[in-house]
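Hi,

Here's the structure I said I'd pass on.

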Amino acid sequence: MANLKAIRDRIQSVKNTKKITEAMRLVAAAKVRRAQEQVTATRPFADRLAQVLYGLQTRLRFEDANLPLLRKREVKTGRLQQ
């Protein structure tokens, strides 16, 4: 009978682990959703800032200047390189 009790305890332990894992998954999904919303919310600001910088470049005629903020760069996606 001790063997049957050990099996029941193990089944209960696996069920508890499953509940904890599901709760952690839900928390992680909520954090990812919140981070995505924050990124989406900053896009209009970034777009408007780029418009202002390019407008300044045009008005002040800095076409020949080598200003880092006004350079167009390749968009890199994926993991950060270390």
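Let's start with a pair in helix H1: Glu-22 and Arg-25 both sit there, three residues apart, about one turn of the helix. (Helices are DSSP runs of H or I, at least four residues, and strands are runs of E, at least two, numbered from the N terminus.) Glu-22 and Arg-25 form a salt bridge, with the closest N and O atoms 2.7 Å apart; the term means a side-chain nitrogen of Lys or Arg within 4 Å of a carboxyl oxygen of Asp or Glu.

Before going on: this is a predicted model, with local features needing pLDDT of at least 70 and side-chain atom pairs counting only at pLDDT 80 or more, while totals for chains, interfaces and linings use all residues. Residues are numbered from 1 along each chain as its sequence is written, and side-chain values use heavy atoms, leaving out hydrogens and water.

The whole structure has two salt bridges. Lys-5 and Asp-9 make one of them, at 3.2 Å, N to O, and these two lie four residues apart in H1. Lys-5 is exposed, at 52% relative accessible area, whereas Asp-9 is partly exposed at 44% (buried is under 20%, exposed over 50%, partly exposed in between, with a 1.4 Å probe and protein chains only).

H1 covers residues 2–60. There's a kink of about 30 degrees at Arg-43, shortly before Pro-44; that bend is the angle between axes fitted to the seven residues ending there and the seven starting there. Just after H1, Arg-61 has a positive phi of about 55 degrees.

Cheers

How values were computed. Expected span 1.5 Å × (residues − 1).
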